[in-house]
Amino acid sequence: MIDPLAEQKLLDKLPAQFYNTDLLHRAMCHRSYLNENEDMNEDNERLEFLGDAVLGLLVAEWLYKRYPDKPEGFLTKARALLVRTENLAKYARGIEIGPALLLSKGEEMTGARERDSVLCDAFEALVAAMYLDQGMDTVRKLVEPFLDKEEATIMDRFDLEPKSRLQEWAQANGHKSPVYELLAESGPDHNRVFSIQAIVDGRRMGIGKGKTKQAAEKNAAENSLKMLGIH
């Protein structure tokens, strides 16, 4: 069974206590544990399946409300970013799921308690267990604080979106990755303005300006996409 101290530490970080602790134990049960122990009769994979769907709905709802003016494409990409394995593993570490996992001796020896994929699966299973035990409102209290913390990451990622889209276009059309050439910089040190041009396979494309090189490159990529008729 779960180490009592590890279980209590996990419970202390949850928004509510479980009515049915069997659900919690099942959520923490890796399939390898069943091969060596008889105190559990089901691993967490079915809960993981349900938790994936519950989590997807909650993240979609959060994004829909948080970004009322953003198009569907943004929401879809942001959701994919938020539920990536490494992010869910980060959420799992934040509530100390690792020490509470039920693992085989072999998995224990190979460091499964800190493996992103194992932690991600367990977090999804925990979401499902809380949903079945407490309902959606309680799960929302578990998930939304993590989403709030990741909001800056989302915006940083999408600040670079035009460059990513230009690179995707280049690769899809058999070109090398775009390069960005500094054309000029002007203004005093405290208020520099950079002028940069995007170049794809020697073809000079959009020119962008910005107060940082990164901002100018983003603007150059945006203008290149406009030249290509990609919006």
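**View 1. The chain splits into two domains.** In this predicted model, domain 1 takes in residues 4–160, and domain 2 covers 174–228. How far apart are the centres of domain 1 and domain 2? Going by the C-alpha atoms, the answer is 40 Å.

**View 2. Helix H3 meets helix H7.** Let's zoom in on H3 (residues 45–66) and H7 (residues 116–134): their axes come within 7 Å and cross at roughly 80°. Angles from 65 to 115 degrees count as roughly perpendicular, so that is the word for H3 and H7. Which residues make the contact? On the H3 side you'll find Leu47, Glu48, Leu50, Gly51, Asp52, Val54 and Leu55. H7 brings Asp121, Phe123, Glu124, Ala125, Val127, Ala128, Ala129, Tyr131 and Leu132. Sort the residues of this H3–H7 contact by type and you get 11 nonpolar, one polar and four charged.

**View 3. A sheet of three strands.** Here's an open sheet with its strands in the order S1-S2-S3, paired antiparallel. Which strands sit at the edges? They are S1 (179–186) and S3 (203–210), each with pairing on one side only. Ignoring direction, neighbouring strands in the sheet are turned against each other by 20° on average.

**View 4. Strand S2 beside strand S3.** Look at S2 (residues 193–200) and you'll see it running antiparallel to S3, with six bridges joining the two. For one spot to look at, find Ile199, which stands opposite Arg204 in S3. Two helices come into the picture as well. H9 packs on the sheet and touches S1, S2 and S3, with its direction at about 20° to that of S2. H10 also packs on the sheet, touching S1, S2 and S3, and its direction makes about 135° with that of S3.

**View 5. Helix H9 crosses helix H10.** Now for the two helices themselves: H9 (residues 161–172) and H10 (residues 213–227) have axes that come within 8 Å and cross at roughly 50°. Because of that angle, H9 counts as oblique to H10. Is the crossing left-handed or right-handed? H9 passes H10 in a left-handed crossing. From H9, the residues in the contact are Pro162, Lys163, Arg165 and Leu166. Their partners on H10 are Glu217, Lys218, Ala221, Glu222, Ser224 and Leu225. By type, the residues in this contact of H9 with H10 come out as four nonpolar, one polar and five charged.

Terms used:
Residues numbered from 1 in each chain as written. Predicted model: local features only at pLDDT ≥ 70, side-chain atom pairs only at ≥ 80, totals over all residues. Heavy atoms only, no water. Axes fitted to C-alpha atoms, helices over the stretch in contact; angles between N-to-C directions. Helix = DSSP H or I, 4+ residues; strand = E, 2+ residues; numbered from the N terminus. Parallel < 35°, antiparallel > 145°, perpendicular 65-115°, else oblique. Left-handed = near helix turned anticlockwise from the far one by under 90°. Contact = heavy atoms within 4.5 Å. Nonpolar A, V, L, I, M, F, W, Y, C, P; charged D, E, K, R; others polar. Domains from an automatic or database assignment. Pairing = 2+ DSSP bridges.
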